[in-house]
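Hi everyone, thanks for coming.

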Amino acid sequence: MSILPLLKAEHVGAYNWGFVSGKSQTIYPWDSWEKTYTAEPGVWFHDIFRADGTPYDPREVALIKALTNHNAAPDQH
């Protein structure tokens with residue numbers, strides 16, 4: 001979550017290719033192509049929401065909302 005405020009401050013656009021945990025398994029790090037993970041990792045690599053729509057980390061969702069709110073002052077994150 002530390003990179004998003006920096007990107008906003010520098011006026012750099014960014015996106016996350018994962019959104020909902022599922023088919024692409026982007027909650028796992030790059031080495032998952034070579035290593036089998038048998039449980040959800042402590043920190044997700046990508047993806048924001050679980051398959052049921054609940055956020056992986058509600059603070060992350062709150063930060064994204066704050067950073068993308070055009071009405072919020074830049075120092076409100």
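Let's start with Trp30, which is exposed because its relative accessible area is 55%, and exposed means over 50%, buried under 20%, and partly exposed in between, using a 1.4 Å probe and protein chains only. You'll find Trp30 in the loop between helix 1 and helix 2. Helices here are DSSP runs of H or I with at least four residues, strands are runs of E with at least two, and both are numbered from the N terminus. The protein has 2 helices and 0 strands.

A word on where this comes from: the model is predicted, so local features need pLDDT of at least 70 and side-chain atom pairs count only at pLDDT 80 or more, while totals for chains, interfaces and linings use all residues. Residues are numbered from 1 along each chain as its sequence is written, and side-chain values use heavy atoms, leaving out hydrogens and water.

Now, how many aromatic pairs does the structure hold? There are 4 aromatic pairs. Rings of Phe, Tyr and Trp (its six-membered ring) pair if their centres lie within 6.5 Å; planes under 30 degrees apart are stacked, over 60 edge-to-face, and the rest tilted. One of them joins Trp30 and Phe45: the centres are 5.4 Å apart and the planes at 75°, so this pair is edge-to-face. It links distant parts of the chain, 15 residues apart, with both partners in the loop between helix 1 and helix 2. Phe45 counts as partly exposed, because its relative accessibility is 33%.

Next come Trp44 and Tyr56, a stacked pair with 4.4 Å centre to centre and 15° between the planes. Both residues lie in the loop between helix 1 and helix 2, so the pair ties together parts 12 residues apart in sequence. Is Trp44 buried or exposed? Trp44 is buried, and so is Tyr56.

Last stop, Asp57. Asp57 sits in the loop between helix 1 (3–9) and helix 2 (58–68). Asp57 is buried because its relative accessible area is 13%. Its side chain reaches the backbone nitrogen of Arg59 at 2.9 Å.

And the whole protein? Of its 77 residues, 25% count as buried. Among contacts (heavy atoms within 4.5 Å) between residues at least 6 apart in sequence, 39% join residues at least 24 apart.

Notes
Polar contact = N/O pair within 3.5 Å; in protein donor to acceptor, adjacent residues only side chain to side chain.
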